[in-house]
Amino acid sequence: MKPDAKAHTAPVVPVAPSRGRLRPLGLDEVRITGGFWAGRREVNATATLDHCREWVDRVGWTANFTAPVEARRGREFADSDIYKLLEAMTWAGVGFDPVTETIAAAQEPDGYLNTHFGRPGQQPRYSDLEWGHELYCYGHLIQAGVAQIRTRGEDALAKIARRAADHVCAAFGPGGIEGVCGHPEIETALVELARATGEQRYLDQAALFVDRRGRGTLADGEFGRAYYQDDIPIRQATVLRGHAVRALYLAAGAVDVAVETGDEQLLAAVVRQWEATVARRTYLTGGMGSHHRDESFGDDFVLPPDRAYSETCAAVASVMLSWRLLLATGEPRFADLAERTLFNVVATSPAEDGRSFFYANTLHRRRRGTVPAPDAESPRAESGLRAPWFAVSCCPTNVARTLALLPTYLATTDDGGVQLHQYADAEISVGAVGLSVRTDYPSGGTVTVRVTRAPDHPWTLSLRVPSWTAGAEVALVDTDGTRRAVTPGTATVTRVFRPGDEIRLELPVAPRWIVPDPRVDAVRGTVAVQRGPLVYCAESVDLPDGRDVDAVRVDPAAEPVDGPDGTVVAPGELAESPTRAWPYQPLDRAGVPIAEERGIALVPYNSWANRGPSTMRVWLPTTPR
């Protein structure tokens, strides 16, 4: 903003770059007050956080910090879920101090902290960098510490995090262990701690980890070094590959390092990888990762809907990466992907009550799932229904922290004005500018921004025009009723604003057909429906007589239309597939199955499986022509 904007040296944000095109606004500057995301955040605050706290206690992960070695429970990375929950509760303004005291007591004098390694009867420290996750756990601890610094000052948790970071610098710095962690995460955490504290050594260590990656310091295991991005230096890579969460966390850390060090080559390399990944390795929902066996990206255009892994944590990591690239470049395409991923993967994972979750997010469920036990960990990541907890339960706590800090993704500022990137009812206050945003988005497409406070000189209000509006009419309406057409990208208004002025963005959220790139073999010849940013799906609970969604055929020659209660009705039919001894027929004898013509009710993908066991599909076969 202009010089009369207030100084803001300690923003209440998870990411606070010292340079870049845009500056993020903090939880003290943006409040979500209503609508879709306010409801999700309310459930997160009143149900999910307590649910996660109860489960980490129930399965013994909290007790690991005081339990004897033989009583330790959970996987080698269980500590990280305690730290992610601490971070979520910190952003949400909820105290977790007794656990912090327990963690502090478990920390070694030199700053080392891990419940799975280093004690008598356990493997030595850093003896399994490929799979041990020690540095990964530090990363989440440090991010929790940064959250405390930004919200409460350098209290107990922040001191634990700094001691751990100092230990990492001593152990892995110049002259120390020449290695990296099999699961990236420490990189972005160290950069953010450097930003929060001003300590250069944390940034230097993060840069060292980024430069070491891809040089074969990790063992060549079952999935190859590409699994943990140790096959190619990051500046030489052309696409994200290997384990999806690892790849996205590493890319986010590389952007942080690039921004703080002014390394344009490194930033350009990550942008190049992001572009290739979005163009060839990303699902319609924004989900990433098509391999179940190794939770990894597939090859280009290998995006089978029924085998979509699309891990919730990968979605969180994708949003983290897109946000950092948006701050660095100011380009709205990064906010476009963040929006798609937030609405169609992050919002899909938790149930309506916030107490069960999807780990993987398939786009086609062929069989009705079974209801998971309410009092037991689910051993399976792929499930027909959301589970209350998992043996590997990284996703619930990741969703919790993302929803807790979601307001920080809505808007930014720069020397010229204020930019809106995600749309929700909100109150925004930055320097001399106050804004009130009212919208029924994503069910409706009208976004009204009312100026409540303004300086007496010209400044620019910018609004993202989503890429999904391409080819449709989008209007920006000024206070005096003046309308102008705008296209995907950024719409701006620059002038002296007065309190009471209103700018209205009118987005066309009518349902439309989406066709896949023909190189995506798994869905060639099918179509999907998107309405605004929301992807829709057919679910068997909406079909008559216990029919499954594989009977659905839609007719793309006619347009889908809005139905009742947020549904979309697609023109189509229910096909009767004949019973045959052999499933393949000559074209001239294949015949047309008997069909029942009807409108096919579709629901937002993020709502599926909230009504009990069902089959579901996003990509829909079309009627014979």
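Three bridges join β16 to strand β20 (residues 595-604), and the two run antiparallel. Strands here, like helices, are DSSP runs numbered from the N terminus (E, at least two residues, for strands; H or I, at least four, for helices), and two strands pair if DSSP finds at least two bridges between them. Across from Pro604 in β20 stands Tyr536. The model is a predicted one, in which local features need pLDDT of at least 70 and side-chain atom pairs count only at pLDDT 80 or more, while totals for chains, interfaces and linings use all residues. Numbering starts from 1 along each chain as its sequence is written, and side-chain values use heavy atoms, with hydrogens and water left out.

The hairpin of β15 and β16 has two residues between the strands, and Gly532 takes a positive phi near 60 degrees in it.

Buried here means under 20% relative accessible area, exposed means over 50%, and partly exposed is in between (1.4 Å probe, protein chains only). Leu534, Tyr536 and Ala538 point one way from the strand, while Val535, Cys537 and Glu539 point the other way, and all are buried.

Elsewhere, an open sheet is built from seven strands in the order β2-β6-β7-β8-β13-β10-β11, with antiparallel pairing. Its edge strands are β2 (30-34) and β11 (483-485), each of which pairs on one side only. Within the sheet, β7 (residues 433-439) and β8 (residues 446-453) pair in the antiparallel sense over six bridges, and Gly434 sits opposite Arg453 in β8.

Then there are the rings. Searching the whole structure turns up 23 aromatic pairs. Rings of Phe, Tyr and Trp (its six-membered ring) pair if their centres lie within 6.5 Å, and planes under 30 degrees apart count as stacked, over 60 as edge-to-face and the rest as tilted. Take Tyr112 and Tyr126: their ring centres are 5.6 Å apart and their planes stand at 85 degrees, so the pair is edge-to-face. Both residues lie in the loop between α3 (97-106) and α4 (134-152), so the pair ties together parts that are 14 residues apart in sequence. Tyr112 is buried, with a relative accessible area of 2%, and Tyr126 is buried at 12%.

Trp323 and Tyr409 make another such pair: with centres 5.2 Å apart and planes at 70 degrees, the rings are edge-to-face. Trp323 belongs to helix α10 (residues 312-329) and Tyr409 to the loop between α12 (394-404) and β4 (411-414), so this contact links parts that are 86 residues apart in sequence. Trp323 and Tyr409 are both buried.
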